[in-house]
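Here's a quick briefing to read with the structure open beside you. Start with the overall layout, then work down to single residues.

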Amino acid sequence: ESAVDVVSESGVRAIVRGTGADSGRLNFVPRYEPLQVGEQLLTSGRDGGYPAGVSVGVVIDIDRSPEDMYLKGRVQFHVRPQDLGWVRTVPPDATFLPQRQ
């Protein structure tokens with residue numbers, strides 16, 4: 001049930017929280033944000049836990065209930081941790097986004 005700060009292709013920031021399965025939950029996304037099913041999510045780098053630009057997953061479900069302040073959504077992770085044979089740590093100063101010249 002770890003969490004990571006992410007940003008979508010459309011620039012929406014969110015927290016993705018694990019569920020112990022192959023998918024996670026979106027947290028703290030106001031329901032009026034333009035987030036759409038199919039958008040890729042990348043680490044934002046703002047939480048200090050991961051460098052910016054690491055691919056996390058894709059939005060697979062969104063519910064914008066008028067009774068809720070925040071939308072409810074699910075994210076399909078790109079990696080299934082239970083399928084990994086090994087894990088490599090990433091140094092905090094690693095860069096994954098293209099460098100501007």
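Two strands count as paired if DSSP finds at least two bridges between them. With that in mind, look at Leu 41: its bridge partner in β5 is Gly 57. Keep in mind that this is a predicted model. The big picture is a closed barrel of six strands with antiparallel pairing.

**Overall layout**

- The chain has zero helices and six strands, and reading along the sequence gives you the pattern β-β-β-β-β-β.
- From one strand to the next, the twist averages 40 degrees.
- There are 101 residues in the chain, and 31% of them count as buried.
- The accessible surface comes to about 6900 Å², with 52% of that belonging to carbon and sulfur atoms.
- Take the contacts between residues at least 6 apart in sequence: 47% of these join residues at least 24 apart.

**How the strands pair up**

- As a reminder, strands of a sheet pair through backbone hydrogen bonds, either parallel or antiparallel.
- β4 covers residues 40–43 and pairs with β5 in the antiparallel sense, over three bridges. The Leu 41 and Gly 57 bridge links a residue to its partner in β5.
- β5 (residues 55–63) also pairs with β6 (residues 72–77), again in the antiparallel sense, over six bridges.

**The nonpolar core**

- The largest nonpolar core has 15 residues, and the ones touching the most other members are Val 6, Val 16, Leu 26 and Leu 41.
- Which elements give two or more residues to this core? They are β1 (3–8), β2 (13–18), β5 and β6.
- β5 gives the most, with three residues.

**Ser 23 in β3**

- Ser 23 lies in β3, the strand made of residues 23–27.
- Is Ser 23 buried or exposed? Its relative accessibility is 14%, so Ser 23 counts as buried, because the cut-off for buried is under 20%.
- Setting aside neighbours within four places in sequence, Ser 23 contacts Arg 74, Val 75, Gln 76 and Phe 77.

**The aromatic pair**

- A pair of aromatic rings is described by the distance of the centres and the angle of the planes.
- Searching the whole structure turns up one aromatic pair. The rings belong to Phe 28 and Tyr 70, with centres 6.0 Å apart and planes at 90 degrees, so this pair is edge-to-face. The reasoning is simple, because planes over 60 degrees apart count as edge-to-face.
- Which parts of the chain does the pair tie together? Phe 28 sits in the loop between β3 and β4, while Tyr 70 sits in the loop between β5 and β6, so the pair ties together parts 42 residues apart in sequence.
- Phe 28 counts as exposed, at 55% relative accessibility, whereas Tyr 70 counts as partly exposed, at 36%.

Terms used. Residues are numbered from 1 along each chain as its sequence is written. This is a predicted model: local features need pLDDT of at least 70, side-chain atom pairs count only at pLDDT 80 or more; totals for chains, interfaces and linings use all residues. Side-chain values use heavy atoms; hydrogens and water are left out. Helices (H or I, at least four residues) and strands (E, at least two) are DSSP runs, numbered from the N terminus. Axes are lines fitted to C-alpha atoms, for helices over the stretch in contact, and angles run from 0 to 180 degrees between N-to-C directions. Buried means under 20% relative accessible area, exposed over 50%, partly exposed in between (1.4 Å probe, protein chains only). Contact means heavy atoms within 4.5 Å. Accessible areas come from the Shrake-Rupley method with a 1.4 Å probe; for residues, only the protein chains shown count as cover. A nonpolar core is a set of buried Ala, Val, Leu, Ile, Met, Phe, Trp, Tyr and Cys residues joined through side-chain atoms within 4.5 Å. Rings of Phe, Tyr and Trp (its six-membered ring) pair if their centres lie within 6.5 Å; planes under 30 degrees apart count as stacked, over 60 as edge-to-face and the rest as tilted.
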